[in-house]
Each structure stands twice: as structure tokens, then as C-alpha cells.
Amino acid sequence: MKSIIKGAGYILVHTPDMVIHNGTTQTTERVVNPESEYLKELPEHIRSFEDTLSYYPNQVYIGNVTPDALAAVPQPWHDKKCPETSRFGQFGQIMPQEEFLLLMQACDVFDLVKLDAAFVAAHKAALAANPIMDETILARIGEGIEAAEVARLVAQEHSEGLYHNGALVGCVNRAHDIDVNLSAHVMHENLVSKASSVLALLSAVKNAGIEKDAVEYVIDCSEEACGDMNQRGGGNFAKSAAEIAGLNGATGSDTRGFCAGPAHAMVEAAALVASGAYKTVVVTAGGCTAKLGMNGKDHVKKGLPILEDMLGGFAVVVSEDDGVNPVIDLSILGRHTVGTGSAPQAVIGSLVTDPLARAGLKVTDVDKFSPEMQNPDITKPAGAGDVPLANYKMIAALAVKRGDIEKKDLAKFTEEHGLTGWAPTQGHIPSGVPYIGFARNDILAGSIKRVMIIGKGSLFLGRMTNLFDGVSFVIEANSGTAPAEAGVSEEEVKKLIAKAMREFAATLMGQAE
Amino acid sequence: MGILAGKKVVVIGDRDGIPGQAIELCAKSAGAEVVFSSTECFV
């Protein structure tokens, strides 16, 4: 059995107040340099929701603008207005902060999120009007509490404040008095991840056109950890998000691998379906508060808006072969092994050229490569360069070395086989997977046949190993030879008809005699 | 031996550029003493 990409969901959440209160660049600065110019200037650089809607990369992320169209827009993009400004796109939506805070409360099953009653009353109708929300989720939203009580919880009970337009409108309570794993800070981070994952799950299931009950397994591949002092990373984000999303027929588990997590999870999902263990598996991830405003100091220094003000989320539905949707080819897997080494050439070799060589393919047999799709508008001003472009240069260099392309075609390779990054710098979110939605569209349309998704992860950040990590997989056009529903192939049908004809002829001959 | 021979070296690699370990090996092969080496992630 092959596994196919049935659909994908991509969502963004505009969280300007979380940039200020929860991004680690800002929280660290408040500890080490509370009177800094950066903290004073920061609020002036926060974008409005309308600004984020007219930001080109955001419109690409939710599917309203294609990667090709984005590539044709000269950089930088932060000073340009995208003519498409809808908050809804073919893949998902851009949710404003006020709706998201209500969604967070709906996703909390331990009565930890407390919202100001006036805030709930003011914004509940907006969330109810969101077409992706259903009655079950809306019914989970409470009336809220007095504003004074919210203020008391934050001042006296170590609760993490929830802010909107600079005002305290709620809080997340700690889930334990002394366990740091259940502190208000950690619960806030995890509930944000869960709520944005729920939004991505709902979008993906809707886009795939399947019933919620058809989902049998969910894999969460974010970079957060939930657990308590006895099992710090016990999990399970996947099942907790599936519960709120109403995926009642699903179980699930979490897969981690820093930014390489989504690519690992996709391979696992494809293998689970291909093995017959589960018919439909959804890979999902919510966003990360810690990375909000990560490169904010450089952006503010250069007079730019804070561009890292969006939480990202994605979900991909992987299902049994239907003879139509693009296939994940498990015979072409790239893997960075323990012994691969960390030199860029070794990394790209293990992830790109080695698996293609094993499959007898040239680099140019892959129409598009999707390595880390970080938005260069964010990374270039911060001195981190154009990450996708750096990956393409290395892939092209190895392609020259293998004789797949001429040296003079290096620049053309990036143009023809590359993409311009559009994903927010949310760690795991940009890592290869933002392209799956567009890849599915383009493969179904017949404009391309094969793409490679590449995920890379900085394992050394966990201080358990100095190793780097990476995994890649190939998605290609479906040959259309899926087994028929009843389990009878075209060949078998022909044999059955031939047998019936022979028997009929024999009967006629018998009658004639 | 090059300009790094006998020098103490601090290495900060970039996960999307040249990782610390690779720079470390180069520096050592050029005769340097690597006193600190790390790879950082900026994305």
C-alpha cells in the first residue's frame, strides 16, 4: 500500500502582545537589561493585524499567493503591500489575537485559562463567526471572571498574563505549586502550541474533505514538551489536540527532533499508512511563543517592524492510496546518520544526493526542493542570510560535482528547482513542510512531477549530543494504479470476463452438438 | 602552518552555515588550540 497526501492546513496567528510578554529575546532582555532602549522602542515596531494581512509571505503561507508570485516580488517585502488581504486562504487562515485567546481557553481542560468577562463578551461572537469553529469548541468557552481577579492572579498567584492591545485581559494559572514543569509559563507555552495545533488540524481535515472520524492517528511534531516533574516530556500533544478538534477515532503520539521533527513525522505517518497499521494519519504542529520576536533587536535597530509576530501551525493528512493524490515514496529517503558528520557537503549529500543516487535519479529529476523555507525578509536583516538560498547553492554545487548540471547553470538551478522562503521563523514550522500544500496542488495539476522535502534540526541545542540531524523524503505524482476498492485489479477483471466468455462459448458449443 | 598556528581560538559556528565542529577541525589542523567551540541556531 502506498501513502498519499490527502490535504494540508496552514495557519498563522497574529500575537503582538505575546511578542512583548513571551518571546525569549524580550523576556531575557527584561531580566538582564530592563531599562534597555530596545524594550522602550519595541512597542513602536509592532504591526497591526491589517499589516500582517497585507504582508506577502503571510498570504503565501495560507495559500492566497503562490511561491512563484512571491519570488517575482523584489525584496524586501516588509515595505510592500500585498494586494491580497483576506484572512482566509485555500490552506487555512490568519487568526487575530483576540480570537486566539478565546481558542486557548477552549483548549484548556484544567480550568487554568482565565479571561476577563468583558473581553469574552466583546470577542466571543467573532470566534463564533469563524467558519472553522464548531459548536463543540464554542461551548467550551466560559463566561469569564472579573478583571480585578485576573489582576490578582497575576500579581499574587504567579499566573502568566494574557494581554491584548497592551491591556491585561486574562491569565494562565500554574497547574502545580512547586513543579516547574507545570508552571504558569510552561502551561501558557503548551496551551498556545495546543490551540494553534487544533486550528491547523481543523483546517487540514476540512481541506482533505474527510470526516473527522476517519482520522485514526495524529502525530504532533512541535518543539514543546508537556509533562510533570516525574516525566518532563511525557506528552501527548497529539492526542490532546485531537480531543479538542473532535477527532474521536484517533489516538496519537508526539515525535520530536527540533526543526527536523516535521520531516521525521511525515516519514513515520507515511510508513504507518503504507504498513496498513492506520488508514489515515495526520501530522500536526502548533506554534512557539518563545521564538516570537527572536530577531527583534536587529529588526528594531534597522527601523523595521517586528516581523516575528506570527505563530505558525500546519497539519498534513496522509492516507491510503486513492490512485489520484501525490504519493510519498518511501524508497527514496534521505537520512543524516550518526556517522554522517556535520560539514555542509556531508549534510546535503546525505539528505539529497545520496538518496537520489540510490534511486537512480539525478538532482534535476526533482522538480522542486523544499529545504528550510525561512522567510529571508526576517533572517537577512538579522545577519542569518537567506537560508533556503544557502541550501540551494549547496545542492547545486553537489549537482555540478555529480555531473547532473553544468557549472554555468548554478544560478539557473536555484531559479528552476528552488523556492523563495515565506515561512515564519518558528523553528519546526519552516522546515520543509510549508511547501507540501502547494506541491500537492502543482503535482495534481501536472505542472510538476516530483518534489523533495528536507527537514534539518539542531540537536546540539538540547546539549545531549553535538550531532546535527536531517531527514528528507520525496513526494511524486500518483501513477493511478491504486488497488480497486473491492480488492479486484483490472487484470483480474479481464481474466474473470475471459473465463466467463470461455464457459459461455463451451455451453453454446455443447448445445450445438 | 598558517596564521592560526599556536593561537587560541574561539569558534562560533552557524547551523545553516559552517558548523562549529567543522571550523574546529580546520583550526586544529592549522595548529590552533580551540578553547571554545559551539554551533548556534539563528532561525
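**Figure 1. Chain A as a whole: 20 helices and 13 strands.** Both kinds of element are DSSP runs counted from the N terminus, helices being H or I over at least four residues and strands being E over at least two. This is a predicted model, where local features need pLDDT of at least 70, side-chain atom pairs count only at pLDDT 80 or more, and totals for chains, interfaces and linings use all residues. Residues are numbered from 1 along each chain as its sequence is written, while chains are lettered from A and ligands numbered from 1 in written order.

Figure 2. Buried residues (20 or more other C-beta atoms within 10 Å of their own, with C-beta atoms placed from the backbone) make up 53% of the 513 in chain A. Now look at contacts, meaning pairs whose C-beta atoms, placed from the backbone, lie within 7 Å. Of those with a separation of 6 or more, 75% link residues 24 or more positions apart.

**Figure 3. Strand β5(A) meets β3(A).** Strands count as paired when DSSP finds at least two bridges between them. Here, three bridges join β3 (residues 113-115) to β5 (residues 167-172), and the two run antiparallel.

**Figure 4. The hairpin of β4(A) and β5(A).** Strand β4 (residues 160-164) also pairs with β5(A) in the antiparallel sense, this time over five bridges. Check out A:Tyr163, which has A:Leu168 as its bridge partner in β5(A). Two residues sit between the strands, and A:Asn165 takes a positive phi near 55°.

Technical notes
Buried ≥ 20, exposed ≤ 12 C-beta atoms within 10 Å, placed from the backbone. Contact = placed C-beta atoms within 7 Å.
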